[in-house]
Amino acid sequence: MTTKHPHQDADPAASPPPPPSRRPRGLASAAASSPAPARRSGEREKERTKLRERHRRSITSRMLAGLRQHGNFPLPARADMNDVLAALARAAGWTVHPDGTTFRSSSLSQPLLPPPAQFQGAFQATSVETPAFTNHLNSYAIRTPLDSQASGLQTDDSLSLSPSSLDSVVVAEQSIKNENYGNSSSANSLSCMDSDQLMRASAVWAGDYTRTPYIPVYASLSMGFINSYCQLVDPEAVRAELRHLKSLNVDGVVVDCWWGIVEAWTPQKYEWSGYRDLFGIIKEFKLKVQVVLSFHGSEKCGSGDVLISLPRWVMEIAQENQDIFFTDRVGRRNTECLSWGIDKERVLRGRTGIEVYFDFMRSFHMEFRSLSEEGLISAIEIGLGASGELRYPSCPEKMGWRYPGIGEFQCYDRYMQKNLRQTALTRGHLFWARGPDNAGYYNSRSHETGFFCDGGDYDSYCGRFFLNWYSGILVDHVDQVLSLATLAFDGAVIMVKIPSMYWWYRTASHAAELTAGYYNPTNRDGYSPVFKMLKKHSVILKVVCYGPEYTVQENDEAFADPEGLTWQVMNAAWDQGLSISVESALPCLDNEMYPLILDTAKPRNDPDRHHVSFFAYRQQTPFLLQGNVCFSELETFVKCMHGEATQNFVD
């Protein structure tokens, strides 16, 4: 992606020296002459400065994430040090106006009493200018999270709240005896919390989720109940599975409606009979249904040895025009879903990709409108890309990808390339109309490529242009599909699922996110533009929750951080006013998974009292029918989600 400066010979005696001119930048420097040694030294210094700045921003982003998650500071998604200073000053009892005017609150004009004797050893701060800050720390004794019941917050011994050190305040944890909480003075800690906060805090300490928000729980049904001819297979097995789920007190089930099954043989001829029978059985058990309209194929078996692919008539078109599929740099086609490049191209028997999706959604609504009006169908999830997620198919296993490969850009079909050329021409740089040639391969590591490594071409002029275009195609796709979905479903609850590309998250470039279509390096918020579009269409965002084995590891070669990515996504979504739902990615087979999901679904001590709208358990359920596998734990988990359980998951 970068262009080196070619060397040119010059004879100073042959012609007078040219007048000084501005040095060209970016790819325009390809026509410039070779810089002098001093200039080359200056360029190297600029690169070192850029690397130091990226490193500083990476540290800042982790600090902000920690303050949001562990300190309950309501910082915006793109917070800077001014936001941090204002939050810390307000926590210390000061008043901070939007224009930066800062002064002591009127309540602090009189000196405050020191904290009780029992807290003086636990909360010591050197050079603290406002006793109200100590008062604020005391209140944390009651609001400490469940996973550190016997600990409180203690400031560092050398802590100073002078203006020069406010941005380096570090709060540490230290063990405190349980009796300290019973002896806390109401004048110092209890007065900082209203009765509702106290009730919620005591519930957390006791492992009690009663009186917490009611979050509906859904479980997915097996795919094999509908065969490739859209016929219901083994109704009695369906009833047995539903009976088991009903005994767990779940609120409903998740059903995938596959485009490749319903419109399999002939364009605009839809067969819904199998799903109609299935919904009738679900109605007998008085369970609700979340429908997933799947416009992609599946590598899992649907019935017997039959794979769920795209409609047959689409595959017939592909025999003559393979550019309807996403394509990687070497020309390999991904047949899992249609390329977004044909959203406005009439290549599907006279219809565009968007029109095909709209006709399918309208047919579903006409077929099952009565069930939606009765309340049986509670929400509809729209599949927008690979695996039903809003992303490019950048990591296909059938192409040889294996974790933690960075994946590849999927924009080399002729329709996407045509769009790229038009965009580059509009920008005035036609030579930018190409994808990066140093971005590695599916299983490359981030640091092994010239594009994704620290200081790589992803942050060059041409790299930024390409990534803006690549992510912009994703935003345009979701805008067009959701515009028609809102029209087709006429007020129904619509959901969109986004991926969790958490590997390489602790690097500067976030390579896995970039190839998936999310322009989210450490110096840029790549999710807010997408969430603004989702907010425009009033949809519910679905995020994926991973287990404790996916947390940050000390020697993690993939630099993965699923927890950090989840909190960035959720905070960015809540900043945009979006409702959020959570989906499990792994079987819930141990006691560590459930508290993690509960912490994500019902964040403790969130100042805005956010919580998710519902939880979807996507693990295929036949394993639940095998004896007493995790039955009691799963039953307790459902009660906790419903705000009914009185015990925690502790052995």
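Two residues are in contact here when heavy atoms of theirs lie within 4.5 Å of each other. By that criterion, in this predicted model, residues 24 or more positions apart account for 74% of the contacts in the chain with a separation of 6 or more. The chain has 651 residues, of which 52% count as buried, and it contains 18 helices and 16 strands. Its accessible surface comes to about 30,300 Å², with 51% of that area belonging to carbon and sulfur atoms.

In soluble globular proteins, nonpolar side chains tend to be buried together. The largest nonpolar core of this chain holds 147 residues, and the members that touch the most others are Y275, F279, I282, L293, F364, I382 and F531. Helix α13 gives the most to this core, with 15 residues. For F364, leaving aside residues up to four places away in sequence, the residues touched are C257, W272, F279, V291, L293, I377, I380 and F489.

**Packing of α13 with α15**

Two packed helices are described by the angle between their axes and the distance between the axes. Helix α13, residues 461-489, packs with helix α15, residues 528-536, at an angle of about 10 degrees, and the axes are 10 Å apart. Because angles under 35 degrees count as roughly parallel, α13 is roughly parallel to α15. On the α13 side the contact is made by L474, V475, V478, D479 and L482, while α15 contributes V530, M533, L534 and K536. By class, this contact of α13 with α15 comprises seven nonpolar and two charged residues, with no polar ones.

**Backbone details and burial**

A cis peptide bond, with omega about 5 degrees, joins Y403 and P404, and P404 lies in the loop between β12 (377-382) and α12 (414-427). C230 is placed in the loop between β5 (217-220) and α7, whereas R349 is found in the loop between β11 (333-338) and α11 (353-374). Helix α7, residues 235-247, includes L245, whose C-alpha atom is separated by 9.5 Å from that of L287, 42 residues apart along the chain.

The table sets out the accessibility of three of these residues.

| Residue | Relative accessible area | Class |
|---|---|---|
| C230 | 0% | buried |
| L245 | 0% | buried |
| R349 | 49% | partly exposed |

Since exposed means over 50% relative accessible area, R349, at 49%, counts as partly exposed.

How values were computed
Residues numbered from 1 in each chain as written. Predicted model: local features only at pLDDT ≥ 70, side-chain atom pairs only at ≥ 80, totals over all residues. Heavy atoms only, no water. Helix = DSSP H or I, 4+ residues; strand = E, 2+ residues; numbered from the N terminus. Buried < 20%, exposed > 50% of the residue type's maximum accessible area, 1.4 Å probe, protein only. Areas by Shrake-Rupley, 256 points an atom, 1.4 Å probe, with all protein chains shown as cover. Axes fitted to C-alpha atoms, helices over the stretch in contact; angles between N-to-C directions. Parallel < 35°, antiparallel > 145°, perpendicular 65-115°, else oblique. Nonpolar A, V, L, I, M, F, W, Y, C, P; charged D, E, K, R; others polar. Core = buried A, V, L, I, M, F, W, Y, C linked by side-chain atoms within 4.5 Å.
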